[in-house]
Amino acid sequence: MTKWVYSFGDGAAEGRADMKNLLGGKGANLAEMCAIGVPVPPGFSITTEVCTHYYENDETYPADLEAQVDAALHQIEKIMGRTFGSVENPLLVSVRSGARASMPGMMDTVLNLGLNDETVAALAADSGDERFAYDSYRRFIQMYGDVVLGVEHHHFEEILEKYKEEKGATLDTDLNAEDWKTLTAAYAAKVQQVLGRPFPQDPREQLWGSIGAVFGSWMNQRAITYRKLHGIPADWGTAVNVQAMVFGNMGDDCATGVCFSRNPSNGDNKFYGEFLVNAQGEDVVAGIRTPQALTIAEKEANQSSLPSLEEVMPPIYGELVGIRDRLEAHYKDMQDMEFTIERNKLWMLQTRTGKRTSSASLKIAVDMVEEGLISKEEGIRRIDPAQLDQLLHPMLDPKAERDLLATGLPASPGAASGQVVFSAEDAEAWVAAGKKVILVRIETSPEDIGGMHVSQGILTTRGGMTSHAAVVARGMGTPCVAGAGELRVNYGAKTITIMDRVIKEGDVITLDGTTGQVMAGAVPTIQPELTGDFGKLMEWVDDIRVLGVRTNAETPTDAETARKFGAEGIGLCRTEHMFFDPERIIHIREMILADNEEERRAALAKLLPYQRQDFADLFHIMAGLPVTIRLLDPPLHEFLPHTEEEMAEVAAAAGTDVETIRAHAALLQESNPMLGHRGCRLAVTYPEITEMQVRAIFEAACDVTAEGGQPVVPEVMVPLVGMIKELSMLKGVIDGVAETVMAEKGIKLDYLVGTMIELPRAALRAGEIAEYAEFFSFGTNDLTQTTFGLSRDDAGPFLQIYQEKGVIDVDPFVSLDREGVGELVSIAAERGRAARPGIKLGICGEHGGDPSSVHFCHKIGLSYVSCSPYRVPIARLAAAQAALGVDAETNA
């Protein structure tokens, strides 16, 4: 018999922390906490395998599931001394989701389950607080009605707001027991009105309805969007956790809160969190009431007048600190915990590895290594390479003037400017139109996930550091300021008001998620200084990684940036990018329009000084590190003018008329230029182009070497080779020019001639190509195009559909297709090594900065990867993790 249900409680548990694939992260950690003696309300987890069965069998359950649930429910009854459905001593439960990967707020939860018109009276009698009982009942009707029955929550909110208005009440706490009785009846009547049937009174019906709703929420749109953004497979499924209710809203000796064992924003080793007295869990994150700080230090830092938990309940705070220390030592990572205090009794409702900002992730990993809690290798494993990307972007210039509007909570660090929009839908529409936006909400909800993802930053006027906006923004690496209560947002008018100032939709504002400041207008930014913890981590990864990391660069700025980030040379210098400067484009156009070789050489001679200086600049910056220079690759028509004004300018320079220019352009147009007259095909047709570029390379290399310092070892790369004769012919040209220049300069240089492998034929014939090529650089952008028969420029829309329909897991232009493109790379590497032992092998497509692709390159023994400058640290970390055997998909 398959075990579908795992119980926990009273210091015993059937599950463990390492069973998160089966029990979900929440269920596995509840079981683990219970087993190590942490006070946890008893409960049980329904496994992720039930979720899989549910979707594979027309949303039905295994035949023996109900009996296992009944047995587990009886176990809770025994521990709590209460009976589910009893009208005298009722057991109430919560029903929550729990996927193996944390998905905060994306799936459904039901609290206070088991309440009905009879059990509410028993709860009132047991608690001695009729107001609390009916408040709990109305919350249950609203939550169950929305989540399970599909009665949208705005129906209930409208009833509550109208009633408060009639009573002259401002806050929910202004309402008494009779008010909640009236509202409970009104809520139930609304369910009857919308559905045509009464609110269910049978607790068993309520339980199975909630279990179905949680499984159903795995496929709701916000969960699908979140999984897509975070690379979580749909077939993982979610577990369902049923747990005895404990109440933080039974009076002033009750509370509920969220806490982190370290600061999730900056990584400081300080206990951090928020709580509310006399509240339920959703109140803390919903932004309805202003949360209170956990510690006195945090309260003072936030300049709050509200008392901290450390002051309100000192013994409970001390117990919570002890649990914090125990859980962090046990899990050896920063923990995100939820707790409830019921009548001065502390209960832990959840612990999980805490989501954190990139800077916090780095600091926590480095600090834990230095504290001796984890090893350097484990510290390296802890960092998601993609997170480093968030550390490499601009911050606000501290010297710049700031027009401060308000200050909220620094919920997610980083700086962003953009035009104000007030809805997730508008954010997506404006971004699709090419605009940068800041999403402004009173408070965010999971339905806003799409708009939050595309926004430069997020601003809310309610909510704390553990609000939905804060947690989601930190996970995305998006700057966020939360709880900016001075601001008044009017959705109808689409305005923000602060004192006598009004910010309208479309106005530009700037957020500083590190300080919590909100500013009018755009504030200049500066590049971050990567020192301290970042430097330590990079030292550790460089000691471990085997794979070299170079950069793709052709400008001094890019080359200098890449060196700052630790690049070990240039793996791809695209020479064609150098020709688009206005001073040069006119000469390349002269060359293209020339009628004979003599005229072409005359035009190329004008380009030679520019190219020579370009290469000299790169050689200086790289100071003896390898520089791989790709000869001209794109088809010539890309350099020709398109507008009438440009054509007239070129005609005047060339001493001809516009019609002649137009005719030349038409002659060079190709139906499929990606597979046309480009790369080595141009060089074979017009060897004088290659001669000019090679002369520029070697004159620059000789000049820089002659200045002293590290000798330059240029690597000349021939693009788009598919046949051995193409390379043998062009290598003869390259060697001839190189010998001539070195003789002229009186300097002897070492140099390499190689090729890009970007055609399937080249990969298959790599053995014979290696007879002439001293290195291979896999151009995986074009190799992906030619292997799949896809156009990178046109495939985006349908590749997205392919992902949505499960045809592919990931865009092959984002992460290397190991089965197809990867096999060609492996074949070429193997055959190249067989023909030329010790041949240098690298990749220079965009995949060079993708962690999964870097892992593949390490696995097949490439020499290096090359990527854009800002992805160099990502590639360095990914290479170290590959050497440590970290799984590129799960980072474990």
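Me: Where does Thr628 sit?
Reply: Thr628 is in strand E27, residues 627-630. Strands here are DSSP runs of E with at least two residues, numbered from the N terminus. This is a predicted model: local features need pLDDT of at least 70, side-chain atom pairs count only at pLDDT 80 or more, and totals for chains, interfaces and linings use all residues. Residues are numbered from 1 along each chain as its sequence is written, and side-chain values use heavy atoms, with hydrogens and water left out.

Me: Is Thr628 buried or exposed?
Reply: Thr628 is buried, because its relative accessible area is 0%. Buried means under 20%, exposed over 50%, and partly exposed in between, with a 1.4 Å probe and protein chains only.

Me: New topic. What is the order of the open sheet of three strands?
Reply: The order is E19-E20-E21, with antiparallel pairing. Two strands pair if DSSP finds at least two bridges between them. At the edges are E19 (488-490) and E21 (501-504), each pairing on one side only.

Me: How many bridges join E20 to E21?
Reply: Four bridges link E20, residues 495-498, to E21. In one of them, Thr497 is partnered with Val502 of E21.
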